[in-house]
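Subject: Structure for you to look at

Hello,

Here is the structure I said I would pass on. Please open it beside this message and follow along.

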Amino acid sequence: MTTPVCTSASKAATPATAAQTLPYPSFSSYMRARQPVLLRTARSLTGNPSDAEDLLQTALTKTYVAWERIEDHRALDGYVRRALLNTRTSQWRKRKVDEFACDELPEPGPEPGGDDPAEQQALRDAMWRAIMRLPARQRAMVVLRYYEDLSEVQTAEVLGVSVGTVKSAVSRALGKLREDAELGLVRS
């Protein structure tokens with residue numbers, strides 16, 4: 001017959017007593033006492049409370065499985081912290097990587113406008129020239145409405161006119177801008 005190496009294995013060979021209803025009562029008391037501190041450590045590793053709870057649960061499970069093999073129970077915090085760190089490192093390594101190395105860099109996709117920046121600048125310049133050709137009152141209303149982003153009511157208050165006047169003047173100004181020959185050449 002072989003001699004057991006660790007003391008807890010020899011205890012397991014003895015008949016069960018009332019105090020040993022749980023396989024490791026010392027683990028339960030350790031976990032209850034140290035859980036808040038270890039949870040803070042897990043939170044510092046993950047940055048997310050839910051992930052930290054999962055990480056701590058996994059590390060405590062690993063500690064429970066190895067409970068009989070741990071000789072110095074005074075160093076349990078270090079053991080669990082190492083289990084936390086190793087588990088987190090394994091999770092990090094297993095994460096899905098969406099980037100892959102390739103020989104050539106991909107070309108950037110088209111910008112939302114889809115136009116060349118020089119063409120966009122030419123269109124802005126043509127728009128300002130067309131706005132400058134509008135009568136002063138219509139120009140003021142278009143600038144306040146679309147460049148200063150004021151509402152029709154706010155534009156009417158600034159210019160001291162009615163809301164209906166703003167609506168009709170802006171409508172006429174936009175019609176003139178749509179018909180402007182220079183803007184037609186730049187857009188096509």
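What percentage of the 188 residues in the chain is made up of buried residues? The value is 22%. Please keep in mind that this is a predicted model.

Overall layout

The chain contains nine helices and zero strands. If you take the contacts between residues at least 6 apart in sequence, 54% of them join residues at least 24 apart.

H3 and H4

Start with helix H3 (residues 49–65) and helix H4 (residues 76–94), whose axes come within 9 Å and cross at roughly 120°. An angle from 65 to 115 degrees would count as roughly perpendicular, and one over 145 as roughly antiparallel; H3 and H4 are therefore oblique to each other. Their crossing is right-handed.

On the H3 side, the contact uses Leu55, Leu56, Thr58, Ala59, Leu60, Lys62 and Thr63. On the H4 side, these meet Tyr79, Val80, Ala83, Leu84, Thr87, Arg88 and Gln91. Sorted by class, the residues in this contact of H3 with H4 are eight nonpolar, four polar and two charged.

The cores

The largest nonpolar core has 17 residues. Those touching the most other members are Tyr30, Leu38, Ala42, Leu56, Leu60, Trp67 and Leu84. At least two residues of this core come from each of helix H2 (25–46), H3 and H4. Leu56 and Leu60 of H3, and Leu84 of H4, also take part in the contact described above.

Apart from neighbours within four places in sequence, Tyr30 contacts Leu38, Trp67, Leu76, Asp77 and Val80.

There is also a second, separate core of eight residues, with Ile131, Leu134, Val142 and Leu183 among them.

H6 and H8

The axes of helix H6 (residues 136–147) and helix H8 (residues 163–179) come within 9 Å and cross at roughly 95°. That angle makes H6 roughly perpendicular to H8. From H6, the contact takes in Arg137, Gln138, Met141, Val142, Arg145 and Tyr146. H8 contributes Thr165, Val166, Ala169, Val170, Arg172, Ala173, Leu174 and Lys176. The contact of H6 with H8 has eight nonpolar, two polar and four charged residues.

Regards

Key
Residues are numbered from 1 along each chain as its sequence is written. This is a predicted model: local features need pLDDT of at least 70, side-chain atom pairs count only at pLDDT 80 or more; totals for chains, interfaces and linings use all residues. Side-chain values use heavy atoms; hydrogens and water are left out. Axes are lines fitted to C-alpha atoms, for helices over the stretch in contact, and angles run from 0 to 180 degrees between N-to-C directions. Helices (H or I, at least four residues) and strands (E, at least two) are DSSP runs, numbered from the N terminus. Angles under 35 degrees count as roughly parallel, over 145 as roughly antiparallel, 65 to 115 as roughly perpendicular and the rest as oblique. A crossing is left-handed if the near helix is turned anticlockwise from the far one by less than a right angle, and right-handed if clockwise. Contact means heavy atoms within 4.5 Å. Ala, Val, Leu, Ile, Met, Phe, Trp, Tyr, Cys and Pro count as nonpolar, Asp, Glu, Lys and Arg as charged, and the others, Gly among them, as polar. A nonpolar core is a set of buried Ala, Val, Leu, Ile, Met, Phe, Trp, Tyr and Cys residues joined through side-chain atoms within 4.5 Å. Buried means under 20% relative accessible area, exposed over 50%, partly exposed in between (1.4 Å probe, protein chains only).
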